[in-house]
Amino acid sequence: MTTPRFTITRHFAAPRARVWAAWTQPEQLARWFGPKGSEGSILAFDLRPGGEWRGRMETPEGAAMFSKFVFREVSPPQRLVWVHGFADEGGNRIRAPFAPLFPLELLTTVDFAEDGAGTRITLSWEPLDATAEEEAFFASMMASMEGGWGGSFDQLDELLADQSSI
Amino acid sequence: MESQLDRQFAALADPIRRAILARLAQGAATVGELARPFGISQPAISRHLKVLEAAGLIEAARAAQARPRRLKAEALGEARAWIDGLATYWSDRFDRLDALLGEQEGPPA
């Protein structure tokens with residue numbers, strides 16, 4: 001089985017140098033990178049191969065979660081690669097809370113390409129040194145995401161909405 | 001240690017099992033009814049149903065003799081939340097990055 005890979009591409013209407021700055025200056029990252037609807041802060045940011053980017057976020061329920069990313073490649077202004085995962089408060093790598101089979105680490109690759117007057121970002125996520133079970137878990141999430149359910153997601157959404165309104 | 005969520009994703013890894021869930025999202029169905037459109041044997045369908053039941057994604061009605069299977073939509077909701085979390089992890093962040101870059105744009109010189 002080939003490694004399952006998640007890819008997302010987006011065009012941004014800003015020159016590449018500015019987009020690169022938004023990804024590599026902690027004070028700018030703090031303004032967009034945190035999880036939606038909750039507080040996030042950057043605890044460490046060392047932009048060089050082997051350097052760590054550690055963050056703390058708070059869930060809506062008020063629980064603290066920590067992330068640790070380790071840079072592998074820093075090639076301004078075109079490429080950023082890091083190893084992505086959860087951590088404990090001390091910065092030690094831990095598994096995803098509540099899902100032991102979610103891959104321990106994901107290799108994140110971000111490509112910055114000039115695209116007219118703007119910038120095209122292509123980001124990919126793939127499990128790193130994952131076990132067969134972890135890869136299967138990730139592949140299963142991807143397959144479910146890519147509409148492997150046929151057209152029934154809408155019905156499922158209605159069903160779930162009905163249940164939660166009881 | 002395997003969690004219930006792990007079992008759910010293992011169950012979801014198979015395209016036939018996803019198709020069975022999609023079918024059950026439209027209403028309960030018996031083994032015979034499920035076997036027909038997939039063109040596989042009833043024992044094969046039963047094996048898939050067993051995996052889905054162990055993951056807590058479906059249940060069998062006791063009352064009727066044919067024991068129609070029903071989707072446990074609330075259980076699927078947890079797996080769905082994880083899938084949505086993965087799908088929106090970057091798109092949400094990209095939306096906010098887009099807004100930030102727009103702010104910095106400033107008036108044209």
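The expected span of a helix is 1.5 Å times one less than its number of residues, where helices are DSSP runs of H or I with at least four residues, numbered from the N terminus. Helix α3 of chain A (residues 132-145) has 14 residues and should therefore span 20 Å, which agrees with the 20 Å between its end C-alpha atoms. This is a predicted model, in which local features need pLDDT of at least 70 and side-chain atom pairs count only at pLDDT 80 or more, while totals for chains, interfaces and linings use all residues. Residues are numbered from 1 along each chain as its sequence is written, and chains are lettered from A in the order in which they are written.

Several residues of α3(A) are buried, among them Phe137(A), Phe138(A) and Met141(A); buried means that 20 or more other C-beta atoms, placed from the backbone, lie within 10 Å of the residue's own.

In chain B, helix α2 (residues 15-24) packs against helix α4 (residues 42-54) at about 75°, with axes 10 Å apart. The two are therefore roughly perpendicular, a term for angles of 65 to 115 degrees between N-to-C directions of lines fitted to C-alpha atoms over the stretch in contact. Ile16(B), Arg17(B) and Ile20(B) of α2(B) meet His48(B), Val51(B) and Leu52(B) of α4(B), contact being C-beta atoms, placed from the backbone, within 7 Å.

Turning to the two chains, their contact takes 34 residues from chain B and 33 from chain A. On the chain B side, α5(B) gives the largest share, 19 residues.

Note on methods: A residue is buried if 20 or more other C-beta atoms lie within 10 Å of its own, exposed if 12 or fewer, and partly exposed in between; C-beta atoms are placed from the backbone. Axes are lines fitted to C-alpha atoms, for helices over the stretch in contact, and angles run from 0 to 180 degrees between N-to-C directions. Angles under 35 degrees count as roughly parallel, over 145 as roughly antiparallel, 65 to 115 as roughly perpendicular and the rest as oblique.
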